[in-house]
Amino acid sequence: MAYLDYAATTPLDPEVGEAMREVEGVFGNPNSVHRYGQEARRILEGARERVAHLLGVRPREVVFTASGSEADALAILGVALARGKGHVVSTAVEHSALLGALRLLEGLGFAVTYLRPDPLGMVYPEQVAEALRPDTFLVSVMAANNELGNLYPVKAMAEVAHNGGALFHTDAVQAVGQVPFRVEEVGADLVSLSAHKFYGPKGIGALLVRRGVELFPLVPGKQEGGRRGGTQSPLLAHGLAVALEKAYRLLPEEGERLLALRRRLEAGLLSVEGVELNGHPERRLPRLVNVTVKGADGEALLLAMDLLGVAVSSGSACSAGSLEPSHVLLALGRSREEARASLRFSLGRFTTPEEVDRAIEAFREAVRRARA
């Protein structure tokens with residue numbers, strides 16, 4: 001199989017796995033005061049310091065979570081419940097985890113404005129400015145879209161939010177480790193990330209919370225500065241830190257390599273009649289291509305790709321198995337049939353030019369079968 005679904009998850013990098021094996025014997029509870037606890041605490045806090053250094057925050061501003069989805073929920077619900085009432089601005093193309101948190105807020109009586117994208121899937125700072133109200137306390141816009149790959153102008157949006165007296169959160173799960181990203185440069189108050197998107201272990205993410213931001217804990221407890229209860233995993237935190245360090249070290253060369261592969265893949269896919277690109281042609285992650293195949297049966301298309309030995313997806317892995325078409329593609333103006341007949345190809349660290357060429361050939365055959 002050629003694996004072209006890195007946006008769903010990345011394989012654990014062998015170097016990260018080796019680094020984790022070196023500390024897997026440290027089993028103590030990092031909140032215990034005895035020697036076993038102190039050793040575990042040293043690994044946990046060492047990981048926190050390394051993550052903080054790479055992302056441009058203070059160690060105490062790093063809150064470890066179990067996933068990017070939990071980090072999103074903690075950012076949205078944590079800030080809102082600490083506030084009590086008011087208005088939130090977000091977009092219609094956010095990850096389903098964040099949209100789920102926003103729907104919960106609406107059920108609790110909060111007001112939410114969902115910014116609509118243009119046909120290329122872009123959302124702009126001017127839209128944020130127009131949506132602000134006197135009671136707006138939070139703006140949340142993702143840094144990179146998980147289905148389209150679009151990169152959003154979050155730095156300018158953070159400035160608009162702050163000028164309006166609101167906090168700014170960005171879901172950077174698809175951006176961190178893929179493109180240059182430092183919190184101090186973006187100016188965000190809260191940032192979500194997840195280790196398994198940059199070749200780290202599953203089961204750990206983080207929410208970066210600027211000092212002074214009040215956060216209601218969704219899981220009460222003394223851990224993580226009282227912001228997220230539950231015994232932490234030094235092993236997973238160590239894996240996240242090692243993976244992030246390697247991702248940042250490889251960023252320049254990896255970005256150029258993936259961009260070249262993406263353009264090669266994109267040219268091959270778009271050479272097929274009736275295939276159209278979804279998302280912005282340039283302001284996009286170097287690893288991701290999303291296309292719609294006019295006149296094709298979406299389920300047949302996806303199954304054919306798998307049978308032909310290429311792993312791709314029809315959208316976010318978090319909504320896999322759903323009969324509903326992608327909410328992101330519908331927001332762009334695609335019909336329900338077009339949204340179902342769309343595929344997301346995402347490249348990664350171990351993708352080869354030969355795999356890209358195999359994917360193009362498999363796609364041509366899959367399209368032929370899905371239109372038969």
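Me: Angles between axes under 35 degrees count as roughly parallel, over 145 as roughly antiparallel, 65 to 115 as roughly perpendicular and the rest as oblique. How do H2 and H8 lie to each other?
Reply: This is a predicted model, where local features need pLDDT of at least 70 and side-chain atom pairs count only at pLDDT 80 or more, while totals for chains, interfaces and linings use all residues. Residues are numbered from 1 along each chain as its sequence is written, and side-chain values use heavy atoms, leaving out hydrogens and water. The axes of helix H2 (residues 35–55) and helix H8 (residues 234–270) come within 8 Å and cross at roughly 30°. H2 and H8 are therefore roughly parallel to each other.

Me: Is the crossing of H2 and H8 left-handed or right-handed?
Reply: Left-handed means that the near helix is turned anticlockwise from the far one by less than a right angle; right-handed means clockwise. H2 passes H8 in a crossing that is left-handed.

Me: How many nonpolar residues does the contact of H2 with H8 have?
Reply: H2 brings residues including Ile43, Leu44 and Arg50 (contact means heavy atoms within 4.5 Å). The contact holds 1 polar and 2 charged residues, and its nonpolar residues number 14.

Me: At what angle do H1 and H8 pack?
Reply: H1 covers residues 14–21. Glu15, Val16, Ala19 and Met20 are its residues in the contact with H8, and the crossing is right-handed. The axes are 9 Å apart, and the angle is about 145°.

Me: How do H3 and H4 lie to each other?
Reply: Helix H3 (residues 68–83) and helix H4 (residues 96–107) have axes 8 Å apart, at an angle of about 25°. Among the residues that meet are Ile76 and Leu77 in H3, and Leu98 and Leu102 in H4. By class, this contact has 10 nonpolar, 1 polar and 1 charged residues. H3 and H4 are therefore roughly parallel.

Me: What is the volume of the largest cavity?
Reply: A cavity is a set of points on a 1 Å grid where a 1.4 Å probe fits but cannot get out. The whole structure has 1 cavity of 30 Å³ or more. The largest cavity has a volume of about 70 Å³.

Me: Which arginine lines the largest cavity?
Reply: The lining (residues with an atom within 4 Å of a point) divides into 5 nonpolar, 3 polar and 2 charged residues. H8 lies at residues 234–270, and the lining includes Ala247, Leu250, Leu251, Glu254, Gly255 and Leu258. Gly177, Gln178 and Tyr199 also line the cavity, as does Arg349.

How values were computed. Axes are lines fitted to C-alpha atoms, for helices over the stretch in contact, and angles run from 0 to 180 degrees between N-to-C directions. Helices (H or I, at least four residues) and strands (E, at least two) are DSSP runs, numbered from the N terminus. Ala, Val, Leu, Ile, Met, Phe, Trp, Tyr, Cys and Pro count as nonpolar, Asp, Glu, Lys and Arg as charged, and the others, Gly among them, as polar. On a 1 Å grid over the protein atoms alone, a cavity is a set of points where a 1.4 Å probe fits but cannot get out, and a pocket is an open set with protein on both sides within 12 Å along at least five of seven lines; lining residues have an atom within 4 Å of a point. Grid points are joined across faces, edges and corners, and a volume is the space filled by probe spheres set on the points.
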